Amino acid sequence: MSLRGKAYVAGVFEHPTRKADDKSLAQLHAESAAGALADAGLTKNDVDGYFCAGDAPGLGGLSMADYMGLKLRHVDTTETGGSSYVIHVAHAAQAIAMGKCDVALITLAGRPRAEGMATGTAPRNYGVTTPDVPFEFPYGPTVVNQYAMAAMRHMHEFGTTGAQLAWIKVAASHHAQHNERALLREVVTVDDVVNSPVIADPLHRLDCCVITDGGGAIVVVKPEIAKRLKRPPVKVLGAGEAVKHQRGGKIDLTYTGAVWSGPAAFAEAGVTPADVKYVSIYDSFTITVLVTLEDLGFCAKGQGGKFVSDGALISGVGRLPFNTDGGGLCNNHPGNRGGLTKVVEAVRQLRGEAHPRVQVKNCDVTLAHGTGGSLATRHGSATLIMGRD
Amino acid sequence: MAAAARTIPAPPTNVEVQPFFDAAAAGRLVVKRCLACGESHHYPRTMCPHCGSDRTEWKDASGRGTIYSYSVLRRATPPYAIAYVTLEEGPTMMTNLVDCDFDALRIGQAVRVVFTPTDGGPPVPTFTPA
Ligand SMILES: [Zn+2]
């Protein structure tokens, strides 16, 4: 069975805050939910399916259903880091197709800034029962130095340069200048990126995403409900998910699980990369985007550096407009998890509701991709393809 | 020249992997090898992640390897080099590169194991240019 046409994205919401000193975590989830439901023209009493991930407080789905007062017949707390919410859209579509729910609500929220969390450069210890911890935590793995090792290897094998990576940030900044809510709105140059301080070789400060508080939500509904709502219908065309890990020590940092999730999504959607007018690509770091574009088939393996250069990702300028809200690199990376906002901007593009300066013309097919965890060694990959009716 | 060394936190060990750290305390690097499929793996498990067999054994490794990738976390105080080193026995393992000039490191470089004390725990295998 294919997901194509079995469910619609009816509502999306990106919480406007970027620093939430005055809001609780549960409150951010609930405000995001209310925003997406209002966008769809529905209320919380219409919701019968709920999806959240590890960022939700307490017992996740149970705690948030209790807080928001939801009456549920389907709950899913799939946790694949920042890619979770892209997977949730697919799982919601599957549940709707199986008749397990009619209106699915997905929420994300986080407040790493308000909590003073050391995000990118402090080793995270996921607990003593985590099997990798005795063999990794002592060596100081952080988010940034793990992604940096993937970048270092890519440069070694394919000759990728820091200037090529920088083009990804440059493109994001060109888009963010038009987003009044973006944390970083200043347009930057390749020189600005490569001359910014090195955080972990070879990644510079401007190769890294922003750290923001905030959240977001998505409402997925069955076709009959989508048809009676007033918003432009956005159809789920296809989805794929994958987990990539270390294969018992046969580590290869040059590719991601997108090599599996991408083809699965394209096959289900019945489209090819050439049909895609806009992409939201998870951009925790510039290297994440470059490797993902290769793995999804937008260019050959090793050619990502050349592919992204010279403004190729800038809307209205290049061949493949990406992250037109400014992405995680410039706009927002709520709770250190960027998957949900990737879906939101892809929906805006399909509706024709992106900022006029970055709106892609005739945008009928979009792709949103999430990458959560440590790049190429233990991460979730999720690809979602959506289209207009 | 060699930078001031970072204090390595103690590895939180458990009963399944204690032999690895007992060997480290005795100055030996060991890897798990599967008697069913012949493959070695790291980090060590009771059951082989390649074929699923529980017929795995601890084997002494040569302690020689090459740098698969690395990164110096310049933002840390003091900076330190994290790396993946591919062992002669096959598996690639996360580690630190120590007692070396960070600016002279390169992928493919030959390295050898040295055991570095940790903060209140058993020593852990780290690597230095061979
Ligand atoms: Zn085996």
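Modeller: Happy to, and one term comes first: two strands pair if DSSP finds at least two bridges between them. Helices (H or I, at least four residues) and strands (E, at least two) are DSSP runs, numbered from the N terminus. This is a predicted model, where local features need pLDDT of at least 70, side-chain atom pairs count only at pLDDT 80 or more, and totals for chains, interfaces and linings use all residues. Residues are numbered from 1 along each chain as its sequence is written, chains are lettered from A and ligands numbered from 1 in the order in which they are written, and side-chain values use heavy atoms, with hydrogens and water left out.

Colleague: Great. Let's begin with strands: how many bridges join β8(A) and β11(A)?

Modeller: Those two are linked by 10 bridges, and they run antiparallel. β8(A) covers residues 234–244, while β11(A) covers 378–388. For one pair you can look up, find A:G238, whose bridge partner in β11(A) is A:I385.

Colleague: And which way does β1(A) pair with β8(A)?

Modeller: In the antiparallel sense, over 2 bridges. There, A:V9 sits opposite A:V234 of β8(A).

Colleague: Is β8(A) mostly covered or mostly open?

Modeller: Mostly covered, since 9 of its 11 residues are buried. Buried means under 20% relative accessible area, exposed over 50%, and partly exposed in between (1.4 Å probe, protein chains only).

Colleague: What about helix α10(A), how many of its residues are buried?

Modeller: For α10(A), residues 286–296, the count is 11 of 11, so the helix is largely enclosed by the rest of the structure. Among them are A:T286, A:V289, A:L293 and even A:E294 and A:D295.

Colleague: What happens just after α10(A)?

Modeller: A:G297 follows the helix with a positive phi of about 95 degrees.

Colleague: Changing topic to the metal: which residues hold the zinc ion?

Modeller: B:C34, B:C37, B:C48 and B:C51 coordinate the zinc ion, each through its SG atom, at 2.3 to 2.4 Å. Donors are N, O and S atoms within 2.8 Å of the metal (3.2 Å for Na, K and Ca). Along the chain the donors are spaced C-x2-C-x10-C-x2-C.

Colleague: Why is the arrangement called tetrahedral?

Modeller: Because the 4 donor atoms subtend angles of 103 to 115 degrees around the zinc ion. Four donors count as tetrahedral if all angles lie between 85 and 135 degrees.

Colleague: Is B:C34 buried or exposed?

Modeller: B:C34 is buried, at a relative accessible area of 0%. B:C37, on the other hand, is partly exposed at 35%.

Colleague: What sheet does chain B have there, and in what order?

Modeller: An open sheet of 3 strands, ordered β2-β1-β3, with antiparallel pairing. β2(B) (40–41) and β3(B) (56–60) are the edge strands, each pairing on one side only. β1(B), residues 30–34, is joined to β3(B) by 5 bridges, and B:V31 has B:K59 as its partner in β3(B).

Colleague: What lines the largest cavity?

Modeller: Residues of chains A and B, including A:F135, A:Q246, B:H42 and B:M93. β6(B) gives the most, with 3 residues. The cavity holds about 50 Å³ of space.

Colleague: And which strand gives the largest share of the second largest cavity's lining?

Modeller: β1(A), residues 8–14, with 3 residues. A:V9 and A:V234 are both among the lining residues, so that opposite pair turns up again.

Colleague: Last one: which residues lie nearest the centre of the second largest pocket?

Modeller: A:E14, A:N179, A:R181, A:R348 and A:E353, out of 21 lining residues. α13(A) supplies the largest share, 4 residues, and the pocket has about 420 Å³ of space.

Note on methods:
Four donors count as tetrahedral if all angles lie between 85 and 135 degrees; four count as square planar and six as octahedral if opposite donors are over 155 degrees apart and all others between 65 and 115; anything else is irregular. On a 1 Å grid over the protein atoms alone, a cavity is a set of points where a 1.4 Å probe fits but cannot get out, and a pocket is an open set with protein on both sides within 12 Å along at least five of seven lines; lining residues have an atom within 4 Å of a point. Grid points are joined across faces, edges and corners, and a volume is the space filled by probe spheres set on the points.
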